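I opened a new entry for this model today.

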Amino acid sequence: MRPIIGVTSSFMAEEGRSPRSYVNAAYTDAIFAAGGIPQPIPAPPEPNDELIEEILARYDGILFTGGPDIDPRHYGQPRHSRTEVMHVRRERFELAFFRKADLWQKPILSICLGCQISNVARGGSLVQHVDDLPRESPVQHYRPDHTSAYHEVEVERDSRLAEIVGTTRFEVNSRHHQIVDRQHIGGRLRPVAFAPDGVVEAAEDRDGQFLVAVQWHPEDLTDREEHLRLFKALVEASRSG
């Protein structure tokens with residue numbers, strides 16, 4: 001049986017239009033390609049602990065997807081002028097949903113915003129705009145037109161991530177202006193991949209739980225085996241779990 005992978009959904013509420021929950025097809029296509037069955041998880045209007053547990057119980061693994069920024073009040077900072085917070089409906093649900101999935105030790109793959117949620121939900125903080133960070137050799141992590149920039153990452157040899165992708169250096173795509181604060185990493189998270197400028201590009205659970213959080217967008221690079229392997233690893237962990 002193919003494991004069922006829950007995929008968090010974007011939420012948009014624009015004036016004059018009906019609110020929408022949606023998932024980019026690249027995420028669900030990647031899960032199909034990896035041997036799983038994806039199911040979008042829309043953020044409920046009023047999540048509570050009982051509802052979150054009932055939703056979570058239906059899935060073998062969880063994929064946390066990309067999106068806008070987390071409100072910095074969750075990590076004790078005022079809002080930067082470049083921070084564009086996600087809709088409160090999605091934010092309220094996903095932080096609580098991650099914490100419950102983490103507590104239940106569900107296999108988790110977190111992408112971009114998902115990487116940041118993983119860090120904040122475990123008590124870490126973010127740098128709200130990467131260009132504000134002093135760096136000796138700045139790398140382009142985002143483009144103003146929201147298309148992907150590209151750069152290499154270097155992965156710690158003894159990490160789960162290196163075992164999954166089968167290499168310690170490879171190219172990633174990049175569409176993020178916020179980053180995990182290397183000085184304030186969430187509890188039990190280990191940074192394991194870095195851009196050439198030292199920015200944290202991936203983190204994983206220190207204690208062996210399947211939690212892999214990456215800052216890039218592997219769903220758009222599944223034609224490259226090292227990126228598809230991330231989804232295959234999530235599916236395999238969900239099958240065996």
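I count two strands as paired if DSSP finds at least two bridges between them. The model is predicted, and I read every entry below with that in mind.

**Sheet.** I looked up strand β8 (residues 149–155) and its link to β9 first. Six bridges join the two strands, which run antiparallel. Within this pair I found Glu-154 opposite Arg-169 in β9.

I then traced the whole sheet. It is open, has nine strands and shows mixed pairing. I noted the order as β4-β1-β5-β6-β13-β12-β11-β8-β9. Which strands stand at the edges? They are β4 (37–41) and β9 (169–174). Each has a single partner strand, so one side of each lacks a neighbour in the sheet. From one strand to the next, I get an average twist of 25°.

**Helix α6.** I took residues 225–240 next, a helix of 16 residues. From first C-alpha to last, α6 reaches 22 Å, close to the 22 Å expected at 1.5 Å a residue. I listed the buried residues of α6, taking buried as under 20% relative accessible area. They are His-227, Leu-228, Leu-230, Phe-231, Ala-233, Leu-234, Val-235, Ala-237 and Ser-238.

The largest cavity holds about 40 Å³ of space. I recorded its lining as Cys-115, Ser-118, Asn-119, Val-180, Ile-185, Leu-189, Ala-203 and Ala-213. Helix α4 (residues 113–121) gives the largest share of that lining, three residues. By class, the lining has six nonpolar residues, two polar and no charged.

Definitions and conventions:
Residues numbered from 1 in each chain as written. Predicted model: local features only at pLDDT ≥ 70, side-chain atom pairs only at ≥ 80, totals over all residues. Heavy atoms only, no water. Helix = DSSP H or I, 4+ residues; strand = E, 2+ residues; numbered from the N terminus. Expected span 1.5 Å × (residues − 1). Buried < 20%, exposed > 50% of the residue type's maximum accessible area, 1.4 Å probe, protein only. 1 Å grid on protein atoms, 1.4 Å probe; cavity = no way out; pocket = protein on both sides within 12 Å on 5 of 7 lines; lining within 4 Å. Points joined across faces, edges and corners; volume = space filled by probe spheres on them. Nonpolar A, V, L, I, M, F, W, Y, C, P; charged D, E, K, R; others polar. Axes fitted to C-alpha atoms, helices over the stretch in contact; angles between N-to-C directions.
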